[in-house]
Amino acid sequence: MTMSAPPVSGTTITITEAHQLLYREAFLLDRHRFDDWLALFTPDATYWIPLEENQADPLETSSIVYDNRELLGLRVKQYREARAHARLPLARTVHQVSNVLCQEAKGAPNEATVASALIVIEYRQGRQRTFGALVEHRLRRTHLGLQIAAKRIGLVNSESELDGIAFLL
Amino acid sequence: MQMVPQESLAMLVQQDRVHRNVYVDPGIFEMEMDRLFGRAWLLLGHVSQIRNAGDYFTTRMGREPVLVTRHTDGSTYAFVNRCTHRGSLLCHQAKGSAKSFSCPYHGWTFDTDGSLQWVPTRSGYEPGAAAKIRELGLRPVARTDQYRGFIFASLAATGPSLLEFLGHMASSFDDLVDRAPEGELEITGGVFKHAYNGNWKLVLENHLDGIHPNYVHASSVNVARGAPDPGSPERESDIAIRQMRQNGAPEKVWESIGIWTTAHGHGYMGDYHNDSRLVVGLDNPVFQDYRARLVAKHGEERTREILGVTRWNSIVYPNVSFMSQFRQLRIVHPLAVDRTVVYTYSFKLKGAPEQMFRDTIAFANVVNGTASWVLTDDLEVYERIQRGLGATGADWVDLSRGFGNDVADTHDTRRGGTGTSEIFVRNQFAAWLAYLTAE
């Protein structure tokens, strides 16, 4: 999916709404309100951090994360476990979202694809790391309001040697 | 950096305990690179990574950067990945296909058999340019050999042959390859490269450890137990949930599995999955399809033999850990005394149903992924071990579980008295000491 087209306001999902949703998502993650964050996703949503640059296929190539909504829910539950060693304490994060471009999804008038740039600062146990990613959201207007139907996080260093990632991007 | 005298090494590594310095002393790490990674057979990769003439991949053997190539005549080569002129890394790509390799510095160009093909302004080396060019080919790794498609190399010119080195561990590779209906494997599906701030030995001491899953992985076991049962009906998350739950098997299950060791520090976990414990249910339609393909190829009796092997992790000391049930292979690269990276590969079984490889990928993501529920807790614990071992005053690491109860078994193996015996760590250190103290 390329996002080279200039930003347009779709007939149903405006750029302002897209901004608000992405900012709200970052806000919830950074304040560790994971249940509220999870509620932003549709039941059929996918959350994908590909392993390879330009990876098109999540089924026959490994992914750093490729979760359906059920698995994403288990990820959130793990944060509350008493012996979640890599998650106690939870990493403190800043998700900085920018360069947002919104485009109406072809053939799906209630959906839009949104490209953004993401910079995440992660701090845990005396160590701070920085991650950069090119992100694509597929947003859908549902009876619950605007939701995330798919999120693809293209980490710029996904192919490098990486220490464990025990927080949500 | 101070080297440790050889007589002191034997004091550091005792039968049922080791001194913490073997994990934290940079001088000992240097000795390991010279004497252990500089001598042992190390797994470089698999022939499917260099199928065609010109195909190559790069890797490491301890500190040595290594380039592995397929030459036009079909032979496989492994070279120190360094230009013979002024020392630049010759090939900086992880993998690819090339007619030749040109150094970025002065353009020296090497053929895929390592011979120096071309230098700029050759007249600068006259008289005797031809002889000079002949002698300045890439430096090959001292020995290379293969076992059933797996490419090994040793930086030492002498020592046991690959078959002697592998001994009965060769049967774990047989198990992996024999499971392919067409008898061939392919490495594909991406490479996880997970790093941690800890010693390289920690990962090999973890993979056959049947006590840790209930503690290290408690959080993922619990969340998976809270999820709906897999297979009712079959859904995408099943592989992840089954495997996360598996780590929470009761103590008596872990006690009843088998831990075998062989010479040279190797070992494997077996008798792990009987039918009722299999991560992929045997009644799974994909597995039935797969089984039928094996039967078509090999007949019922041989198929039963192939699938009757119930090994989980196998460790070929000091750089590889793999498992046939889900076709995963991990190569351990020590970077410093307190820094390690593990490369994780998936295999496709040639002739198996497509869905089986998708299950392999799902399994890799949940178990070996950099953000996995399971692996992140292992990595966290490796780092805590490394920090703990930095403490002075409590110098010994205890390895006495099951000590004295190990028994001799067939094929020159030894078996732990129970499945949670630390026999495999004791065996790794016995090999470690032999490598480090050998002349």
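Ala, Val, Leu, Ile, Met, Phe, Trp, Tyr, Cys and Pro count here as nonpolar, Asp, Glu, Lys and Arg as charged, and the others, Gly among them, as polar. This is a predicted model: local features need pLDDT of at least 70, side-chain atom pairs count only at pLDDT 80 or more, and totals for chains, interfaces and linings use all residues. Residues are numbered from 1 along each chain as its sequence is written, chains are lettered from A and ligands numbered from 1 in the order in which they are written, and side-chain values use heavy atoms, without hydrogens and water.

**View 1. The largest cavity and its lining in chain B.** A cavity is a set of points, on a 1 Å grid over the protein atoms alone, where a 1.4 Å probe fits but cannot get out; lining residues have an atom within 4 Å of a point. The largest cavity holds about 360 Å³ of space. Its lining counts 27 residues, and His207(B), Trp312(B), Asn313(B), Arg330(B) and Val367(B) are the closest to the centre. By class, the lining has 13 nonpolar, 11 polar and three charged residues.

**View 2. The largest pocket.** A pocket is an open set of grid points with protein on both sides within 12 Å along at least five of seven lines. About 940 Å³ of space lies in this one. Ala94(B), Lys95(B), Val191(B), Lys193(B) and Tyr343(B) are the closest to its centre, out of 34 lining residues. E3(B) gives the largest share of the lining, four residues. The lining has 11 nonpolar, 14 polar and nine charged residues.

**View 3. The second largest pocket.** Its space is about 690 Å³. Of 27 lining residues, Pro50(A), Leu134(A), Glu136(A), Arg152(A) and Gly154(A) are the closest to the centre. The lining divides into 13 nonpolar, seven polar and seven charged residues.

**View 4. The aromatic pair Trp48(A) and Tyr66(A).** Rings of Phe, Tyr and Trp (its six-membered ring) pair if their centres lie within 6.5 Å; planes under 30 degrees apart count as stacked, over 60 as edge-to-face and the rest as tilted. Here the centres are 6.0 Å apart and the planes stand at 75°, so the pair is edge-to-face.

**View 5. Charges over rings in chain B.** A charge sits over a ring if NZ of Lys or CZ of Arg is within 6 Å of the ring centre and within 35 degrees of the ring normal. Arg17(B) lies over the face of Trp396(B), 3.8 Å from the ring centre. The charged end of Lys201(B) sits over the ring of Tyr23(B), at 5.3 Å from its centre.

How values were computed. Grid points are joined across faces, edges and corners, and a volume is the space filled by probe spheres set on the points. Helices (H or I, at least four residues) and strands (E, at least two) are DSSP runs, numbered from the N terminus.
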